Amino acid sequence: QVLRSGFTAFDEKIIYSSADDGKLYQIGVAGGESTLLESMVGSASDRAYSWPRILPGNRYLLVTSSDSTLQVGIGNVELHDLETGEVKVLVQSASNATYLRSGHIIFIRDSDIWAVGFELDTQEIVGSQVPVVEGVETNSVFGHAGYTVSENGKLLYLAGFDMGATLSSGQITWVDMLGNSVATESNYGSFAHMRLSPNENEIAFTRFDDGAASDIFVWDLDRNTLGRRTFDGQASRPLWGPDGSQIFYSHGTEGLRVVAANGTEQPRTIFSSQDSSVTPTSISPDGEIIFDMGNPRTVYMM
C-alpha cells in the first residue's frame, strides 16, 4: 500500500514507500514479492522515507527523509545509491525534490520552491540555494507539493500554502440535491472515509487528531449530534454492517475490528493481520467483507 509518497519506475522496476513502515521497497512491474532497498538496512525504525525519484543513469534516488512518520513533508533531501546502499544528505530542511536536466535540484521548503545546482557526475551540490517560487500548495503532514516540471523545463504549480497546518479545521456538510446546506459539522478536526449508514440517518467517518491519531465518530443527521465510537487513536476506514448495527474498521497495523454502531459495546477484534494494515472496502448484504492487506497488497473476502 503506497501512501503519501507516490513511486518511481524504471528498468521494469518500481520503488515505493510503504504505508506500513515508511521504508523504501522495490518490486517488479509484473508483480511478485517486494524487497527492502539496501539503503534501508539498519535505518532507524522511526524514520520515514518518501517521494523517491530516480536520477538519470538509474543508480541514484532523490529521497525525502523525515524523523517523524507524522510529518513526512518536514525533513531532508537525501541521495540513495541503489548499488551500495550508501546514503548522503544533500539538502537539509527540505522535501519533495526533483532533478532538472539543466543541472539543478528543486525542492520544497516552507511552501516555497527552491533550487540549487547539482553535479550529476560527482553527486555534489553546487552553489547556493535560492527561492524560485513563493506560495505553493503543500502538505507538511503527507509531504505533497503541487508542482511538476516537464522534460524541457516548464514548471507548473498550484499557488497556495501549507494545507497540513489546517488539518484540524475541516468540516462536513450535508447538502440536498439542489446544493443547499442541510446540516454542518465543523471545527472538529480533520475528516476522511465518510460512510452513510444503511438507513441514511447517520454518517460514520475517521477523525484525525493533529494528523496522527485517528478514531471513528458517528454523526446523527436527524439530531445533529456527534458520537465517538473508538478511543485508542488507531481506528480508521469505517464500514457499516448490512443492518446498520455494527461498524467494521481498520485498527492500526493489527487487523480488523468491529464496534456497535450505537456505542453500547466495547470494540472486538475480528482477526489479527500480523503487523499489516487492513483496508476494508465493501460488505455484501450477506455480511461478506472485501478488504486488502499485506505487502504487496492482496484482496481478500471474509
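Is Asp-81 buried or exposed? Select this residue in the predicted model. Asp-81 counts as buried, because its relative accessibility is 5% and the cut-off for buried is under 20%.

Asp-81 belongs to strand S7, whereas Arg-59 sits in the loop between strand S5 (48-54) and S6, so the pair ties together parts 22 residues apart in sequence. Arg-59 is partly exposed, with a relative accessible area of 29%.

Next, select Glu-83. Arg-59 forms a salt bridge with Glu-83 too, with the closest N and O atoms 3.5 Å apart. Glu-83 lies in the loop between S7 and S8, 24 residues from Arg-59. At 60% relative accessibility, Glu-83 counts as exposed. Through shared partners, salt bridges join Arg-59, Asp-81 and Glu-83 into one network.

Move on to Arg-257 and Asp-232, whose side chains meet in a salt bridge (3.6 Å, N to O). Arg-257 is in strand S23 (residues 256-260), and Asp-232 is in the loop between strand S20 (225-228) and strand S21 (235-240). Asp-232 is partly exposed, at 38% relative accessible area.

For the largest nonpolar core, select Leu-62, Ile-105 and Phe-107, which touch the most other members among its 15 residues. Strand S11 (112-119) is one of the elements that give two or more residues to this core; S11 supplies the largest share, three residues. Around Leu-62, look for its contacts, including Trp-51, Val-77, Leu-90 and Ile-105.

Finish on the surface: Val-130, Val-132, Leu-155 and Tyr-157 form a nonpolar patch with about 330 Å² of accessible area together. Val-130 lies in strand S12 and is partly exposed, at 40%.

How values were computed
Residues are numbered from 1 along each chain as its sequence is written. This is a predicted model: local features need pLDDT of at least 70, side-chain atom pairs count only at pLDDT 80 or more; totals for chains, interfaces and linings use all residues. Side-chain values use heavy atoms; hydrogens and water are left out. A nonpolar core is a set of buried Ala, Val, Leu, Ile, Met, Phe, Trp, Tyr and Cys residues joined through side-chain atoms within 4.5 Å. Buried means under 20% relative accessible area, exposed over 50%, partly exposed in between (1.4 Å probe, protein chains only). Helices (H or I, at least four residues) and strands (E, at least two) are DSSP runs, numbered from the N terminus. Contact means heavy atoms within 4.5 Å. Patches are made of residues with over 30% relative accessible area and no salt bridge: like charges are joined within 9 Å, nonpolar side chains (Val, Leu, Ile, Met, Phe, Trp, Tyr) within 5 Å. Accessible areas come from the Shrake-Rupley method with a 1.4 Å probe; for residues, only the protein chains shown count as cover. A salt bridge is a side-chain nitrogen of Lys or Arg within 4 Å of a carboxyl oxygen of Asp or Glu. Lists of a residue's contacts leave out its neighbours within four places in sequence.
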